[in-house]
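Thanks for coming. Please have a look at the sequence and the structure first.

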Amino acid sequence: VAPLGMALTEDHLVKLKRFAERIILLFDGDNAGRKAAARAAELCVELGLVGDVAFLPEGEDPFDFLKTRSVEELKKLIDSGKLSVYDFLIREKIPSGDISPAEKTRAASEFTPILAKIRDAIVKTDYRKKIAAALGVEVGELEKLRERVRPAPTAVQSRPKPVNTPVSEIERKFLDKLVEHPRFIKKAATIIQPEHLEDAQV
């Protein structure tokens, strides 16, 4: 099934899932093809689809390939180079060789939304182990790396408790005087509003 130049969407994959237990994502071998394959692989993971990813020689699409070669050759190409969608994402998102702590943190962060979308607990646990092994860390360390890049919860600002500053002490003494001399209360109310006071409890 070819999307005919369109991006492969979740709707496409949901329909394919009705007709096949396993799918193969076959893309052009250039950079654009690899990016499209990564997006499609993430959709497969989210939908719980069992699938593989394979690539054609750079510069060729399936039509070009089959114009000069047989279907059997295409099958051999796929079988010799395919990776599961899970392994493909690991290869794409984790640099090969020795990687720095910063690169490990970045790579771990990219898998956070992917892992969150895996519904099968056994698959999720197995994939965590594969990601951790690719990063050269223990599973527990992988979780710590992911925690570093999770946004901190927004703090709810509470109104600070009033403290007895010199200003508030003056206000209290002023009110004490009004209590002693109630005839001045009405006059004071026309001059001083509550928002003028520093102490909220006054």
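This is a predicted model: local features need pLDDT of at least 70, side-chain atom pairs count only at pLDDT 80 or more; totals for chains, interfaces and linings use all residues.

**A lysine, its helix and the core**

The side chains of Lys93 and Glu110 are joined by a polar contact of 3.4 Å.

Where does Lys93 lie? Lys93 is in helix H5, which covers residues 85-93. Is Lys93 buried or exposed? Its relative accessible area is 13% and the cut-off for buried is under 20%, so Lys93 counts as buried. Leaving aside neighbours within four places in sequence, the residues in contact with Lys93 are Glu42, Arg106, Ala107, Glu110, Phe111 and Ile114.

Now the rest of that helix. Along with Lys93, the buried residues in H5 are Val85, Tyr86, Phe88, Leu89 and Ile90. What do the buried residues of H5 pack against? There are three strands on the list, S1 (22-27), S2 (50-55) and S3 (83-84). The list also has three helices, H2 (31-47), H6 (101-117) and H7 (121-135).

In soluble globular proteins, nonpolar side chains tend to be buried together. Here, the largest nonpolar core has 35 residues. Leu89, Phe111, Tyr127, Ile131 and Leu135 have the most contacts inside this core. Two or more residues each come from S1, H2, S2, H5, H6 and H7. Which element gives the largest share of this core? H2 does, with nine residues. There is also a second, separate core of five residues, and Ala54, Leu56, Leu74 and Ile78 are among them.

Since H2 came up, some detail on that helix. H2 has 17 residues, and from its first C-alpha to its last it reaches 25 Å, close to the 24 Å expected at 1.5 Å a residue. Its buried residues include Gly33, Ala36, Ala37, Ala38, Ala40 and Ala41. Further along, Leu43, Cys44, Val45 and Leu47 are buried in H2 too. The buried residues of H2 pack against helix H1 (10-17), S1, S2, H5 and H6. After H2 comes Gly48, with a positive phi near 75 degrees.

Next, the sheet. In what order do the three strands form the open sheet? The order is S1-S2-S3, and the pairing is mixed. S1 and S3 stand at the edges with a single partner strand each, so one side of each has no neighbour in the sheet. S1 pairs with S2 in the parallel sense over six bridges. Two partners in S2 can be named: Val53 is the bridge partner of Leu25, and Asp52 is the bridge partner of Ile24.

In a regular strand the side chains alternate between the two faces of the sheet. The faces of S1 can be listed residue by residue. Ile23, Leu25 and Phe27 make up the covered face of S1, while Arg22, Ile24 and Leu26 make up the uncovered one.

Last, the protein as a whole. How many helices and strands does the protein have? The count is 10 helices and three strands. From the N terminus on, the elements run α-β-α-β-α-α-β-α-α-α-α-α-α. The protein has 202 residues, of which 27% count as buried. Of the contacts with a separation of 6 or more, 65% are between residues 24 or more positions apart. The accessible surface comes to about 14100 Å², and carbon and sulfur atoms hold 56% of it.

That is the end of the tour.

Technical notes
Residues are numbered from 1 along each chain as its sequence is written. Side-chain values use heavy atoms; hydrogens and water are left out. Helices (H or I, at least four residues) and strands (E, at least two) are DSSP runs, numbered from the N terminus. Buried means under 20% relative accessible area, exposed over 50%, partly exposed in between (1.4 Å probe, protein chains only). A polar contact is a pair of N or O atoms within 3.5 Å; within protein, one must be able to donate a hydrogen and the other to accept it, and residues adjacent in sequence count only if both atoms are side-chain atoms. Contact means heavy atoms within 4.5 Å. A nonpolar core is a set of buried Ala, Val, Leu, Ile, Met, Phe, Trp, Tyr and Cys residues joined through side-chain atoms within 4.5 Å. The expected span of a helix is 1.5 Å times one less than its number of residues. Accessible areas come from the Shrake-Rupley method with a 1.4 Å probe; for residues, only the protein chains shown count as cover. Two strands pair if DSSP finds at least two bridges between them.
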